[in-house]
Amino acid sequence: MATNSDSSLPQGSLDLLVLQSLAGGKRHGYQVAKHIQSTSGDVLRVEEGSLYPALHRMERRGWIASEWGLSDSNRRAKYYGLTRTGRAQLKVEVASWRAMAEAIGKVIDAGAVTPRLGLSLS
Amino acid sequence: MPALPYWLFPGDDRPTEEIDDEIAEELQLHLDLLAEEQERRGLTPEEAKQKAAERFGDFNQLLRRCRREKQGDVPMLKRVQAVLTGLLLLGAIVVGWQQARIWNRMDATWLIMNGFSARLSDMNDKLVLLEPSSSDPTEDDVVAIQVVDESGAAIKNATLTFGWTDASRSYFDSYVISTDDQGNFETPLTFREKQLESVTAYVPGYAFVSESLNRPFRAGETLTLKLSKAVKQRLKLVAPGDAEHLLPRPLTNSDVRITSRTPESGRSNDSQWLQLRLRTDSEGVVEIDCAADGDDIQLTAWEPSNTWVAGPIAIKAMSEGQTSELLTIKLRPMSPPNGFRSGGGMF
């Protein structure tokens, strides 16, 4: 299955994906990107050019907090973790996403299109 | 403990260089891990680094974006802070300048007030000096002055002029004395380090008398000033011709002062500052009523631009029934006027 970079991620989903990734524990940026990619079955791939600005923005908003630690390769790495505010925000983001997905699903279910003969949908 | 809202933290306010170093280290780790990942897929280290760099994109641009997100509103707030600080400093300078001006004005006012204060203090000191002191005269230092006429009768309301002297200068104080019924007036011989030097008595209708007080006096001693009846003498003062007036002319409407009177006895009476002001009339005539029969007097007359002197002038009494003879007196310039050759003899 082809991997989607974040340029094709649904709008507003990056914060949700990052927060959800950190809900399982502290991770540094590379680990966050890899976690999203692996748990999505290589469908979603977050571009570094979007990931790191999002991490710093969320940290400034107090959703996540960072601390320096050692990586598996024994190098200094900056680990991020959810704050209490971040957990609350994650719930909001998840609920919002589910509501939107459900609404989109309803639209899809209700709008089953049968192409007329002689009309092209493309 | 509840967390504070994030908007209370506008951003990371650490120095930009410190933030950049931190972000660069973070991004570099990611870049290196990407390269390692590519190496594990079989690329050479150089190819892996190149592949990772391509995926990563512009490192510095990403660093700047991260910095902006991290700092948030801090740079803008710092600019606002700098502007406000500048305005505050400017305001402080303006206020300080105005305060300095106010202080300068206050200082000037203070100086003026200090000046007034010093003057008042000086006046106060002088007022204090008027209080009795150990140097004030005592009864032992007082001499009585008695003004009488030729018959020994007391004369009241005589004008007395006192001459005082100290180490540096002389003073003349003239004032009208209301002597008592015996014509007496008591005066100290010394006052405020001044020594009484002379006294002159004048009463209209009498020849004025001056007396030196240099001789030692005993306590309670009385100095008797005997005044002779004066002779009324009319004098016509004539000024010599000069560059302005070619011919001799009567000295009209001019001030005249008798400067000395010398009786027949020969002892001159000085009229220093005697309050005896005379004036010629429209014909240059002045009436003398302060010298006795047989006296010689000297006088001074003033015009706006000239000062004249005359004398000695002999005063002679008329026989009873005779009218006063009008004496014509030729004046001499006290100092030769400009353009006039002294001794020209234009009379």
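1. Starting with the surface of chain A in this predicted model: the accessible area is about 7,100 Å², and carbon and sulfur atoms account for 54% of that area. On the burial side, 39% of the 122 residues in chain A count as buried.

2. Next, the layout of chain A. You will find 4 helices and 5 strands here, and reading from the N terminus the order is β-α-β-α-β-α-β-β-α. As for contacts in chain A between residues at least 6 apart in sequence, 55% of them join residues at least 24 apart.

3. The largest nonpolar core has 41 residues, and V18(A), L51(A) and I64(A) touch the most other members. Both chains contribute: at least two residues each come from α1 (13-23), α2 (29-39), α3 (48-60), β5 (76-82) and α4 (84-110) of chain A, and likewise from α1 (16-40), α2 (45-56) and α3 (59-71) of chain B. With 8 residues, α1(B) supplies the largest share of this core. As general background, nonpolar side chains in soluble globular proteins tend to be buried together.

4. Leaving aside residues up to four places away in sequence, L51(A) touches V18(A), G29(A), V32(A), A33(A) and V46(A) in chain A, plus H30(B) from chain B. Of these partners, V18(A) is itself among the residues touching the most other core members.

Conventions
Residues are numbered from 1 along each chain as its sequence is written. Chains are lettered from A and ligands numbered from 1 in the order in which they are written. This is a predicted model: local features need pLDDT of at least 70, side-chain atom pairs count only at pLDDT 80 or more; totals for chains, interfaces and linings use all residues. Side-chain values use heavy atoms; hydrogens and water are left out. A nonpolar core is a set of buried Ala, Val, Leu, Ile, Met, Phe, Trp, Tyr and Cys residues joined through side-chain atoms within 4.5 Å. Buried means under 20% relative accessible area, exposed over 50%, partly exposed in between (1.4 Å probe, protein chains only). Contact means heavy atoms within 4.5 Å. Accessible areas come from the Shrake-Rupley method with a 1.4 Å probe; for residues, only the protein chains shown count as cover.
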